[in-house]
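Have the sequence and the 3D view open side by side as you read.

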Amino acid sequence: MPDPPKSDDEFRDCLDDSPVIEQLQVQLNATSFVEEENRIHPSLQLAETALAKGFTSPEHGDVVPHTPTSPTTPSSTARSSSSDPEKGGANVILISPVDLKTIGENTLSPAEQEKEDEAVLRGLRHLFNNRFMSAKTLFEQRADRDPLYALALSSMAFLKAVMTSGEHDHTMALDVLNTTYKIAKAQLEAAKKTSRISDYFSGYYNYFKRDSSSDRPATPPSDISIPNGVLRAHVVKAECCLLIAVLQLLQESVMSYVKCGLNLRRAYASYSFVWQKYKAMGDNAHKYMDSDTISGVQFGIGSVHLVLSILPAKIWKAASVLGWKPDKELGFKLLNECAENKRIRSPMATVMLLAYYATAASFAPQILSESYTKTAMETLLEAQRYYPNSALYLFFAGRISRLALDLSLSTQSYLYAAEMTKNDWAELAVASACRYEIAINHMVTGNWEQAAASFEQLCNEKYWSPAFCKYMQGSCLEMTGNRSAAILAYAEVPRLVVKKLGGRMSDIDTYALRKVQLYQVSGYQDLDFHTPALEFMCLWNLFHFMDKPRLDRCLKVVDKALETIQIQEQEEYDKRSQELAPETPPPDHFDQRATLLLVKASIQNVKGDPAENTIMLNWIIDHKESFDGESWVVPYALWEAGVACWHVNNRDRSRHVWEMALEFSSYDFEYRLAVRLNLALAHAEELGYTKPIPEPVDDKKRFSVSLPAMAAKTTGAN
């Protein structure tokens, strides 16, 4: 492993003794749960945390380079000359319209190509050292005619779209990725006109022509020499499809999931073709293919396998994506090889690995945190050897620190990440994404007023879903007891809802609007029957990151709401016992009670009391036909039942219950839960829990859960 770069240029953003530290310290002091001993650079603190918790070995204790004694400040002239990142369109990424007919064939040799692409490598180093405008300027020089430069510029738009989830940024990223795809395709068309490789295209066509008796592509010819420029263009074209697929995956809708699968199929077709050629070259591969094209194939195939492993099986089967199961371990292997090569795709390979670890463990922390937190920590620490102040890596440090249950370090990492992008291209994107994550940390630590303030600011900035941010502001205010302010916030939600994604509302907007309309039916009088903030935490699996005292306080809130429902029901029944045929209908609080029981079961699973959940979860499952607007509670109850079975070591039963949850459809956040279930089921299968469980004849017994009995059975077996 080469030593980390040590030039002043590489460490220009380091912070020790900088005036920025003083400003940042004020912010840290305002964050009540950041402990005094954690107020040092997050990269260094992350290494200490990893050692303290056994996430890495002592020889990796120096993975974060020491801060130079004379650092330059983030306000140096290398940053954007304008204090306003929007000024002059600096925040817009656009590939100038090109006449595709003028794009010629790429005839450079691998060695010549690597020398030609050195500027892209420098640009990537600028990008991950927070010099975003410098990177953008380098990429723009040849983006209108060279597919790799265009791809590098498109990657900036892609990263911004992922962080903001904004429709404008999403559209901008799709536009430049599609333009890049056209540039790569034009370069291939130019090569096609050259007679010396006409035979190649005939062979390429035969390679993709599937045999009628098999789903596997025909074997490509091995005796055809293909120019490096052609292979390079194929990899760029495939990477455009891959990044578009990831953007579609993040939309969390059935149509976007199917589109994601189809784009992954397109990407894999080109990747697989180039990979076969690479393997046929053997030890002489570097003579015929440049290093960045090789690492591009590693990045692409590895990413396709990881992304497909996240998708619910029914989605990629419905899309007929590839005809084979994704190999997650192969994905890890190829991405790690790509990251180790320290070429153009290396930082993005690390980002893909960190994104997978953080997403998988966050979706199912009770099941996957133990498996992925250590690996994620080691991957991040290795990346920070080279880019200790990278805002992107600091953002992931926040996510991974939360997985390691270090909330103070998590918040500190987000604050540093936001500070590192000030007055530059990514300032708003990174600051908003970090503010959202800090708001989540405030909720987890019970700082409801600070969480409400953060969500209010996110709404004002139109981050992600303004309607949802306003809804969460009201929900956090409700937790503080300030109901009047909560109601005022809820009242603004309907006007903030925006129809998009083909004229329909997003799942998160639909949920927020439906909840507010439910509260408005009773004039907000029935808010005592709900715990909106805790309900969201249950949906997002956030209780796992809470400590026991705060979990106990949340339980008291839930128990109080359940008691209020019981009192209300008793009053209504008393009235019916005294009055014949009253005008008021019988009490119907099935939805409210089910939601509260689910939240309580989720909390008790985290506390380690799963046996107490049997009655509550079975009540939800037994009354599944009685729910009106909260049909989502049944599949989510089956998820919690599987988690409870996992905790009592009846993991074959966990798998069985999770498979039952997959049978439900058309409920809130269906595909979020489907991804969670897919990750958990794959993990159970990897551990060997595949024993089939006979299904009882009685449908109610089929769905029933008996945790005490299972716990006793497991104990006896041991």
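## A well-covered helix, α29

Nine of the eleven residues of α29 are buried, so the rest of the structure largely encloses this helix. Here "buried" means under 20% relative accessible area, while over 50% is exposed and anything in between is partly exposed, using a 1.4 Å probe and protein chains only. Helices are DSSP runs of H or I at least four residues long, and strands are runs of E at least two long, numbered from the N terminus. The buried residues of α29 are D652, R653, S654, R655, H656, V657, W658, M660 and A661.

Before going on, a word on the model: it is predicted, so local features need pLDDT of at least 70 and side-chain atom pairs count only at pLDDT 80 or more, while totals for chains, interfaces and linings use all residues. Residues are numbered from 1 along each chain as its sequence is written, and side-chain values use heavy atoms, with hydrogens and water left out.

## Rings in pairs

How many aromatic pairs does a search of the whole structure find? The count is 34. To pair up, rings of Phe, Tyr and Trp (its six-membered ring) need centres within 6.5 Å; planes under 30 degrees apart are called stacked, over 60 edge-to-face, and the rest tilted. F395 and F396 make an edge-to-face pair, because their ring centres are 6.1 Å apart and their planes sit at 80°. Both F395 and F396 are buried.

W639 and W658, on the other hand, are stacked, with 5.2 Å from centre to centre and 25° between the planes. W639 belongs to helix α28 (residues 633–647) and W658 to helix α29 (residues 651–661), so this pair ties together parts that are 19 residues apart in sequence. W639 is buried, at a relative accessible area of 0%, and W658 is buried with a value of 0%.

## Charges over rings

Two arginines are worth a look here. The charged end of R672 sits over the ring of W540, 3.8 Å from its centre, and R142 lies over the face of Y149, 5.5 Å from the ring centre. The rule for this is that NZ of Lys or CZ of Arg is within 6 Å of the ring centre and within 35 degrees of the ring normal.

Now hop over to helix α4 (residues 118–128), where eight of the eleven residues are buried. Those are A119, V120, L121, G123, L124, H126, L127 and F128. What covers them? Among the elements doing so are α3 (110–116), α5 (132–140), α6 (147–164), α15 (346–363) and α17 (391–403). After α4 comes N130, which has a positive phi, near 70°.

## A buried lysine

K470 is part of helix α21 (residues 466–480). Is this lysine buried or exposed? K470 is buried, with a relative accessible area of 4%. Leaving aside residues up to four places away in sequence, K470 touches E456, C459, A489, E492, V493 and L496, where contact means heavy atoms within 4.5 Å.

## Cysteines without bridges

A search of the whole structure turns up zero disulfides, a disulfide being a pair of cysteine sulfur atoms within 2.5 Å. Take C240: its nearest cysteine sulfur is that of C241, 6.8 Å away. C240 counts as buried at 0% relative accessibility, and C241 counts as buried at 3%.
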